[in-house]
Amino acid sequence: MFQSRFFMGTFLGGVQVAPGPGGSHVQAAKALRLVYYLREDDAADQKSSLRWLENFLERIPNELKALNLTSTQVAYFTSISRQKEFEGNIKDVISLFSITYFITITFSIMSCLRIDCVRNMVWVAAFGVLSSGLAVLSSFGLLLFCGVPFVVTVANAPFLILGVGVDDMFIMVSCWQLTNAKNKVEKRMAETYAEAAVSITITTLTDVLAFYIGIMTSFQSVKSFCLYTGTAFIFCYVYNITFLGAVLALNGKREEGNRHWLICTKVKDTVQPNRSRLYNMCCVGGFSDKSSGTGGEHPVNKFFRKYYGPFLTKSWTKMFVVLLYGGFLASSIYGCTKMKEGIDLRNLASDDSYVIQYYDWENKYFSEYGPRVMVIITKKVLYWNASVRNDIENCMQSLENNSYVDKSLSESWLRAYGNVARNNSLNINSKAFFMGNLSRLFTLFPEFEWDIDISYREIAASRFFIQTVNVTTAVDEKNLLNQLRDIAKNCEMPLMVYHPAFIYYDQYIVIVPNTIQNIGIAAGVMLCVSLLLIPNPLCSLWVTFAIASVIVGVAGFMTYWDVNLDSISMINLVICIGFSVDFSAHISNAFVSSEKSTANEKAVDALHLLGYPVIQGAISTVLGVLALAASKAYIFRTFFKIMFLVIFFGALHGLVFIPVFLTFVEICGKSNKRVNLKTTEEIRNSFSNTQNVWRYENQTCSEGTNDIRLRNDIGMEKPNSDYLYSNISPVSQNHDISSCLFQNNAVLLYGKKIEQLHEEGKINPDCP
C-alpha cells in the first residue's frame, strides 16, 4: 500500500489503464495471479504444509478437468514443483538408459564381430559393456552408502561411463588383435597390456583428475556429479584391467584351442573343399597371417594405413588442414564472445510439465516488473531511537536510488508507523510506547504484522520491500544482486536483501570464475600428467594444446546450438577437459612410440594403430548419450549436445589436427619401444627351415647376448636401415621367411615373396 494505493503489479498482468480523476485506473487485465501462503513456523506446520501441497498437486488436474472451463485458463505452481519435476526427470531417464545399454551392446558386438568363427570377439564385447555397468553400480552403491547426495545431474553419469568403458575395451581388443595368435596366451596378454595399459591409464587418470578438480566448484550439483562420475571412472578402470582382462584371457584360451566362439567346440583351421560355403564360414576358423601370426588386418586399419594416412600427410592436405583449423578457431572464438549466461527456469522442468505453462504466462504478463525484494534487518535494533530510524531510512533511500528500483513502489512498515504516529500524535520515541502502539499500526494495516518478528516484547527482526524494474537478462539479474548487496553491506544497519530467485542469480555471479578456475587448474594438471606419461615434452604440449582448443571449440559452438553458460553446461565443460585428452593422448602416445624414421611415417603408423579404436570410442560414446537427445528434460538434452560437441571435436583433433601438427616437428624424440631380439641360437632355430638365405659378409654376432651387430663394410650402397628397423622385427615376431632383418646400417635379406612385403608396406621400396 502506498498512500492509500495498492501495488497490483505482481498480481495483475496484461493491464489496460484508463485516465480518471486522481490518475490512471485499471480498466482490464488479461491475467490474475493468486498467491496462497502456508504456515511453516514449526515442524508440525511444515509437515502439514507439505501434505497440503502434495494433495493440491495430486488433485488440481482432475479438479480443473471437472470444471470444464471454456473462457478461463488456469496454470499453477507450488514451492515443491521444481523438486517434483527433478524427481520425475530421474525416473524418466531410467527407460532411456535401458535403450542406451541395448544400443551400446549391439554396436560393441558389431564392431568386434569377425567372419572367422574362432577370432570372433563377441563375448569380449558383451562383457566389456557389462564391465561398465558394474562400474556404475559399484561407484553409485559406495557413494550412496557413504551418504553423498544424489542430485538430478548425476543421472547423466551412467550414460557417460558406458561410452568411456566401451572405448577402453576397444583399445584392449585392438591391441590384442595385433599380437601373434601363435604365441601363448600369457605372452599375448603381456603384449596387449604393454600397448593398451599406457593409453588407458593416461585417459583414465586425466578423466578422474578432471572430475575431482570439478569438486572444487561452489555448486553442489556439480560437486555431486563430479564425485559420482570420477569414482565411477576409477571402478571402470579397475574392472577393465581385471575383470575384462580375465575375459580376454579366457577368450585367448578358446582361440588357442581353435574353438568356436559360440559352442566352444574345436573346429578345423583349413577350408574344407567338399563342404558348402556356409559350412566353411560358420564351422571353419582360426586363420592367421602366415608372416605375422595375427588374425589379419582389419579393413578400417588398412584404410588408415594405405589411404587416409598418406593422404593426410601430403603437403597440400596439411595446408588445407591448417586453414580448416584456422576457420574452426575463429568461429569458436566468435561464438565465445556471444555466449549467454543464465538458465531459463522453464528448462528445469520437462517439456510436458504443467510448470512450463505457468512460466510462459509469467513471462508474458508479469515480466514488466522484476522481483519484489525483501530488505531485512537481521538483528535487534533500537527502533524507538530517532537516530536509528533515520539510519534505516537512509539505507532504504540508498536502495531506492538504484537504477533497478522504482522508489514509488517501496513498502515500509516503519514509514507507515511514523505517519500513523504523526497523524495521531502518538509517542514512539521510547520502547514502551513504541511497542505498545504497534497494535494501532496493525489495526490500520494488518498486512504489516507479517513484516515484524516480535519475541518477548522485542523486535527480533523486521523487513521492508523494494520493487525492482528493468530486469530482463541474466546480466541485469547479476548486476542487480551485486549492487543491492553492496549497498546493504555499506549500510550502518545490519541489512540483508533477499528474494527466492536470488538462488539462481547467485550462480550467475560465480559461474564464469568457477568455470575458468576449474578449466585452468585442470589444464595444468593434464599437462603434468601428459609430461609424466607421454615420453616427449613437445608432444605433451600438443596434448595440452588440444585440451584448450577443444574447450574453446565446445564453448563457442554452444552459442550456435542455443546452450547458455549455466551450472548444467559447466558440468559438461569439466567433461571437456578429460575427454579432450583421450583422443589426442592416444594418437600422440602412438606417434612418439612409433619406430618409423620420419614424422609423416610416424603419423601414418599412429593412425594405422589407433585410428579405428578412436573412431570406435567416439561412436560408442555418442551412442552412449544418444538416447538423451530424445529426453523431455532440458538437462539431459543439453548433456547430449555438449557431449556430442566434445566427442566430435575431440575426434577431429585426434584424427585430423594433431597428426598433421605433429608432422611439423620432424624429430619428436627417439623411439623407446622395446624390440626383443633373440639370441644367436634362437635365431638359428628360427631360420632352420628358411630357404635361400643371403647374408652380408663380415657379420659379427656376440654369443650369449640379445644383440645382433652387422657391419656394412662390404662396399655396397648403404640401405635405409632405419626405415626397415621401424617396420619389421622378424626375429621378435617369429617371422619365418619373406622378411628383412637389419641392425646398424646392415641388412639380412632372406627371400620369398619380397613383393608381398613391399605391397603390405612392411619394407622400404628403396630396400634392395
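**Figure 1. Both W413 and F464 are buried.** In this predicted model, the ring centres of W413 and F464 lie 6.0 Å apart with planes at 10°, so the two rings count as stacked. W413 belongs to helix α12 (residues 413–423) and F464 to strand β8 (residues 458–469), so the pair ties together parts that are 51 residues apart in sequence. The structure holds 48 aromatic pairs.

**Figure 2. F545 and F661 form an edge-to-face pair.** The centres of the F545 and F661 rings are 5.9 Å apart; their planes stand at 65°, over the 60 degrees required, so the pair is classed as edge-to-face. F545 is in helix α17 (residues 537–560) and F661 in helix α20 (residues 634–663), so this pair ties together parts that are 116 residues apart in sequence. F545 is partly exposed, at 27% relative accessible area, whereas F661 is buried, at 6%.

**Figure 3. Helix α5 bends at A196.** Helix α5 covers residues 185–213, which is 29 residues. From first C-alpha to last, α5 reaches 39 Å, close to the 42 Å expected at 1.5 Å a residue. The bend at A196 is about 35°.

**Figure 4. Helix α16 bends at V510.** This helix holds 32 residues (502–533). The distance from its first C-alpha to its last is 45 Å, close to the expected 46 Å at 1.5 Å a residue. At V510 the bend of α16 is about 40°, and the proline P513 follows within four residues.

**Figure 5. N251 is a buried residue of helix α6.** Helix α6 spans residues 220–256 and includes N251. The relative accessible area of N251 is 4%, under the 20% limit, so N251 counts as buried. The side chains of N251 and R254 are joined by a polar contact of 2.8 Å. In an α-helix there are 3.6 residues a turn, so residues three or four places apart point the same way. Leaving aside residues up to four places away in sequence, N251 touches N120, M121 and V124.

Technical notes. Residues numbered from 1 in each chain as written. Predicted model: local features only at pLDDT ≥ 70, side-chain atom pairs only at ≥ 80, totals over all residues. Heavy atoms only, no water. Helix = DSSP H or I, 4+ residues; strand = E, 2+ residues; numbered from the N terminus. Expected span 1.5 Å × (residues − 1). Bend = angle between axes of the 7 residues up to and from the residue. Phe/Tyr/Trp six-rings, centres within 6.5 Å; stacked < 30°, edge-to-face > 60°. Buried < 20%, exposed > 50% of the residue type's maximum accessible area, 1.4 Å probe, protein only. Polar contact = N/O pair within 3.5 Å; in protein donor to acceptor, adjacent residues only side chain to side chain. Contact = heavy atoms within 4.5 Å.
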